[in-house]
Amino acid sequence: MQDDDKRTVVVTGGSRGIGRAICLSFAGPDTRIYFNYFSPVDPDAEKAAADETEKLVADAGGSAKGLSVNVASQEEIIDFFKKVIDETGRIDVLVNNAGITKDGFLVRMKESDWDAVMDINLKGAFRCIKIAARAMMKQRFGRIINLASIVGVTGNAGQANYVASKAGIIGLTKTAAKELASRNVTVNAIAPGFIETDMTESLPDDVKKAMLSQIPLGRAGKPEDIASVIAFLASEKASYITGQVIHVSGGMYI
Ligand code: NAI
């Protein structure tokens, strides 16, 4: 266990996209970052992306350790957090960012696609919060930030599983905020709009165009637009904010 006053930050899904930008927003000499990642399709590419996140954080003067850990596996999550606590003795910040989509119209949606999205996006966050909250309650300090989505509030045709998981994240955030507030643990959610990452890259051009036309600020968001708000919520400056859903969407939802 380390005996110093560095912060320990845990980010799920830190190999790419918004998760990588979140890791970078915490990079610095006073923070130890642990992130996980997982791909059943191309584990080598995911590992290479994770190595790149570690390198970028190191270049920015920080330290990050990336491990292939599936948030849908209770066993793997227990081992992951055990490692973090064994090595650092604490968890100051948890960002539940890992997420997937498996889109399709409701009437044709396979039960396996519903289950996979709920298990990773919603139950994965529950698994991580449950373990991290115990450490945070003991410390009488903690910051939990969950990635919801604008569609968790508005609904979105073709994404019943994803929308339900993100609406669930909002309910989980509010409940955890109420349960943990007395121990000085805040819990908030970010609802991003349309952000340029691998997740949105695969959308058809006409869908992208339609989404862009709904953004009053006139551009898609960048992962850094989300990461900077997360860094703020994890900071001392946000110590009186809990149970909130902060929309970061260029005004897509007003
Ligand atoms: P991405 O697809 O670029 O990256 C996903 C990350 O999650 C990767 O690091 C991947 O390794 C990890 N991951 C996937 N399945 C995992 C599992 N089973 N266990 C552990 N890690 C896993 O996604 P992006 O766009 O960066 O999204 C990040 C979060 O932001 C997600 O929760 C997403 O739902 C949310 N979001 C994204 C929006 C966007 O426009 N990109 C909009 C609203 C919300």
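Ser39 counts as buried, because its relative accessibility is 13% and the term buried applies under 20% relative accessible area, with exposed meaning over 50% and partly exposed lying in between (1.4 Å probe, protein chains only). The structure is a predicted model, in which local features need pLDDT of at least 70 and side-chain atom pairs count only at pLDDT 80 or more, whereas totals for chains, interfaces and linings use all residues. Residues are numbered from 1 along each chain as its sequence is written, and side-chain values use heavy atoms, with hydrogens and water left out.

Ser39 is placed in the loop between β2 and α2 (43-59), where helices (H or I, at least four residues) and strands (E, at least two) are DSSP runs numbered from the N terminus. A polar atom of the Ser39 side chain lies 2.9 Å from the backbone nitrogen of Asp42 and 3.2 Å from the backbone nitrogen of Val41. Both are polar contacts, that is, pairs of N or O atoms within 3.5 Å; within protein, one atom must be able to donate a hydrogen and the other to accept it, and residues adjacent in sequence count only if both atoms are side-chain atoms. From C-alpha to C-alpha, Ser39 and Lys110 are 20 Å apart in space, and they are 71 residues apart in sequence.

Strand β2 contains Asn36, which counts as buried because its relative accessibility is 1%. A polar atom of the Asn36 side chain lies 2.9 Å from the backbone nitrogen of Gly13.

The ligand is surrounded by 31 residues, of which the closest are Ser15, Asn70, Asn97, Tyr162 and Thr197; a residue is near a molecule if one of its heavy atoms lies within 4 Å of it. Backbone N or O atoms are found 2.8 Å from an oxygen atom of the ligand in Asn97 and also in Ile195, while a polar side-chain atom of Arg16 lies 3.4 Å from an oxygen atom of the ligand. On its own the ligand has 830 Å² of accessible area, and the protein covers 96% of it, with areas taken from the Shrake-Rupley method and a 1.4 Å probe. At least two residues of the shell come from each of α1 (17-26), β2 (31-37), α6 and α7 (198-201), and α7 gives the most, with three residues. The shell is made up of 15 nonpolar, twelve polar and four charged residues, where Ala, Val, Leu, Ile, Met, Phe, Trp, Tyr, Cys and Pro count as nonpolar, Asp, Glu, Lys and Arg as charged, and the others, Gly among them, as polar.

The second largest pocket holds about 170 Å³ of space. Its lining includes Phe126, Lys130, Met137, Leu172 and Glu179, and by class the lining has seven nonpolar residues, one polar and three charged. Helices α4 (111-139) and α6 (160-180) each supply at least two of the lining residues, and α4 gives the most, with six.

Two residues other than glycine have a positive phi. Arg140, in the loop between α4 and β5 (142-147), has a phi of about 55°, and Arg140 counts as partly exposed because its relative accessibility is 49%. Asn184, in the loop between α6 and β6 (185-192), has a phi near 65°, and Asn184 is partly exposed, with a relative accessible area of 38%.

Definitions and conventions: 1 Å grid on protein atoms, 1.4 Å probe; cavity = no way out; pocket = protein on both sides within 12 Å on 5 of 7 lines; lining within 4 Å. Points joined across faces, edges and corners; volume = space filled by probe spheres on them.
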